[in-house]
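Subject: Structure for you to look at

Hello,

Here is the structure I said I would pass on. Please open it first and then read my notes below.

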Amino acid sequence: MSKKILFVIAGPRLKGASAFAARTAAEGAGQAGADVEIVELPKLTHIQSMGCISCMRCQISREYRCALNDDLARLVARFPEFDVIVFSTPVFFFSMPAQIKGLIDRTFSLVKNVGGQVATPLANVQLALIVTSGGGREDSGVQTIYDAFRYYQEYANLKPLKYLYFGNTPDDPARFAADSQAKAQAHSFGLTLAR
Ligand SMILES: Cc1cc2nc3c(=O)[nH]c(=O)nc-3n(C[C@H](O)[C@H](O)[C@H](O)COP(=O)(O)O)c2cc1C
């Protein structure tokens, strides 16, 4: 059966390097037979706060659903439907941009502590991460993003994280898009996700 893969373009530039890498990977996954959906995070509505407001209503509820009534909550509630969820993001100030942090914090509604054990409908969902940065692997801060996702994966006992990184990306995203090696890497990452 074909895999259902969600690509979340999390960076604010919808024509940026991380968006290009995500779209290219999505193309590869689609060509490998996956059922692909792309969501552009900057277009989604959010209320009060982009992230979690710590109301704890999701923890009290029997449902795995964020209590806020906005696009972010509706997207997160759909996460368990997918075989793979790919988050694609740039590095901002040695960490992840606020937009994706907000989305990840909302997944508190999917990771509940029940009697000291984590209960989650994400157990069969493969998480994947695509990161682009202006600096390199050692000095960009990419490790901070990778570590945050890896801690999450370990805490919630999820499948091992799949990961693709592009460092030293040019300021002009059109130059990144013209890099045939980067394009091939993103495409083949998509193929791998679909298997
Ligand atoms: C506000 C801001 C902060 C940034 N901070 C970093 C950083 O800490 N480390 C780094 O390597 N690159 C940093 N960059 C560069 C971006 O990570 C890099 O250009 C990335 O490829 C942009 O992806 P995009 O084209 O998808 O927006 C920053 C860019 C912006 C706009």
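**What was found**

Thr 144 is located in helix H5. Please keep in mind that this is a predicted model.

Is Thr 144 buried, partly exposed or exposed? Thr 144 has 13 other C-beta atoms within 10 Å. A residue counts as buried at 20 or more and as exposed at 12 or fewer, so Thr 144 is partly exposed. Leaving out residues up to four places away in sequence, Thr 144 touches Phe 94 and Ser 95. Leu 72 lies 72 residues from Thr 144 in sequence, and the C-alpha atoms of the two are 23 Å apart.

Helix H5 itself covers residues 142–155, which is 14 residues. From first C-alpha to last, H5 spans 20 Å, close to the 20 Å expected at 1.5 Å a residue. After H5 comes Asn 157, with a positive phi near 60°.

Now the whole chain. There are seven helices and seven strands, and along the sequence they come in the order β-α-β-α-α-β-α-β-β-β-α-β-α-α. A compact globule of 195 residues would have a radius of gyration near 16 Å, and the chain agrees because its own value is 16 Å. Along the principal axes, the C-alpha atoms fill a box of roughly 50 × 40 × 30 Å. Of the 195 residues, 35% are buried. If you take the contacts between residues at least 6 apart in sequence, 79% of them join residues at least 24 apart.

Next, the start of the chain. Strand S1 (residues 4–9) runs parallel to strand S2 (residues 35–40), and the two pair over six bridges. Between S1 and S2 the chain passes through H1, and this β-α-β crossover is right-handed. Which residue of S2 is the bridge partner of Ile 9? That partner is Glu 40.

The largest nonpolar core holds 49 residues, and Ile 5, Phe 7, Ala 25, Ile 85 and Val 86 have the most contacts inside it. Helix H1 (residues 17–31) contributes the most to this core, with eight residues.

Regards

Terms used:
Residues numbered from 1 in each chain as written. Predicted model: local features only at pLDDT ≥ 70, side-chain atom pairs only at ≥ 80, totals over all residues. Helix = DSSP H or I, 4+ residues; strand = E, 2+ residues; numbered from the N terminus. Rg over C-alpha atoms; globule rule 2.2 N^0.38 Å. Contact = placed C-beta atoms within 7 Å. Core = buried A, V, L, I, M, F, W, Y, C linked by C-beta atoms within 7 Å. Pairing = 2+ DSSP bridges. Right-handed = clockwise from strand over helix to strand, strands pointing away. Expected span 1.5 Å × (residues − 1).
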